[in-house]
Amino acid sequence: MQNFFVVSGETTELAKDEIVAISKSYDKETSYETDSRLVITNSKVPWEKTAQRSTYVRTAGKVVDTFSDLFSELDLTLLHKSDTFACRGINLSSKRIDLSRIEKTVGATIKQASGIKVSLSNPALTVYLIFTDNQNYLGYSTKIPVQKRPKKIIKSPFELNWKLSRAMVNLSGLNEDEILCDPFCGTGTILLEAESMGIKSMGIDFDKKMCSVAKKNLAANGYHSKIINAGYEHIKKISFDGIVTDLPYGISSKSSESPKKIIRDFISILPKKKKIALMCKKELVDQIELKPAKRYEIYRHKSLTRTILIK
């Protein structure tokens with residue numbers, strides 16, 4: 001099954017890797033190729049499942065063909081049958097392309113050949129013509145339900161935003177058959193994102209007030225993640241499949257110990273055969289004796305760049 005995903009221009013490398021990580025969390029034999037902001041996967045995982053979990057996907061669907069000559073090679077018989085459709089062009093190439101003309105021309109051809117009605121506002125089927133510098137793709141997507149965002153009734157000015165939290169969960173490679181642990185869970189943002197994707201999770205925090213806030217945020221969404229008021233050392237006493245966490249730094253850490261010492265001590269007790277996704281301040285990366293498979297730097301403002309490490 002060949003699927004396509006067009007990601008946003010925001011953190012493009014991370015966004016593309018997130019697609020691959022989600023697919024491989026269900027199908028380890030997934031293969032893929034990337035071109036500009038396009039990811040093409042060959043996977044048993046339906047595109048709908050990957051798209052619904054992903055953070056930065058703008059458009060997704062099934063690839064049915066490639067073409068070089070738009071008006072002589074398109075095999076429109078491969079398209080999914082539907083009552084209504086719309087035609088959309090996506091230009092990821094360096095060339096100027098008149099997408100409006102192409103959409104009208106191909107749309108008219110499809111309508112004449114199939115008798116399907118055009119619906120620009122609410123099509124049951126969307127036909128995509130995707131142009132890159134290396135290849136052009138014909139694909140389609142059907143309507144999928146919009147995922148409801150978890151509610152966050154109590155927030156902290158220092159918490160990780162939901163997009164990076166969700167992306168980290170996905171980059172970790174965890175799926176619904178596994179348990180996520182956040183040993184610095186704070187207000188529970190990572191736990192909320194994990195639970196919203198059906199991933200069982202548990203949180204640890206030494207701050208009793210933060211534990212109470214996390215419980216309230218989870219309860220507001222009907223989630224039942226276990227919250228433990230303890231230090232990060234508690235990870236040695238519990239069972240889980242992966243750690244996804246935002247490591248403490250600066251004034252966001254209320255511990256009497258320095259963030260550098262907390263990170264060094266925490267890394268020293270990390271289990272070796274677990275899936276790991278860590279976020280930390282760029283200046284603290286040197287404290288992490290970990291050989292990451294992937295590393296991403298996220299610029300927040302002139303005095304703060306965050307680093308994501310995936311193992």
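Q: Which residues touch the most other members of the largest nonpolar core?
A: In this predicted model, Leu-14, Val-169, Leu-180, Val-244 and Ile-308 do so, within a core of 38 residues. Helix 5 (residues 162-171) supplies the largest share of this core, 5 residues.

Q: What makes the set with Ile-228, Tyr-232, Tyr-249 and Ile-263 a nonpolar core?
A: A nonpolar core is defined as buried residues of types that include Ile and Tyr, joined through side-chain atoms within 4.5 Å. Ile-228, Tyr-232, Tyr-249 and Ile-263 belong to such a set, a second, separate core of 26 residues. In soluble globular proteins, nonpolar side chains tend to be buried together.

Q: Which residues is Ile-308 in contact with, leaving aside its neighbours within four places in sequence?
A: Its contacts include Leu-14, Leu-164, Met-168, Leu-278 and Tyr-296. Contact requires heavy atoms within 4.5 Å.

Q: Why are strand 11 and strand 14 called edge strands?
A: Strand 11 (226-229) and strand 14 (294-301) are edge strands because each pairs on one side only. The open sheet has 7 strands with mixed pairing, in the order 11-10-9-12-13-15-14.

Q: How do you know that strand 9 and strand 10 pair?
A: Pairing requires at least two bridges, and 4 bridges join strand 9 (residues 179-182) to strand 10 (residues 200-205). The two strands therefore count as paired, and they run parallel. Asp-182 stands opposite Gly-203 in strand 10.

Q: Which strands does helix 1 touch where it packs on the sheet?
A: Helix 1 (residues 12-26) touches strand 14 and strand 15 (304-310), and its direction makes about 135 degrees with that of strand 14. Helix 7 (residues 208-219) lies across strand 10 and strand 11.

Terms used: Residues are numbered from 1 along each chain as its sequence is written. This is a predicted model: local features need pLDDT of at least 70, side-chain atom pairs count only at pLDDT 80 or more; totals for chains, interfaces and linings use all residues. Side-chain values use heavy atoms; hydrogens and water are left out. Axes are lines fitted to C-alpha atoms, for helices over the stretch in contact, and angles run from 0 to 180 degrees between N-to-C directions. Buried means under 20% relative accessible area, exposed over 50%, partly exposed in between (1.4 Å probe, protein chains only).
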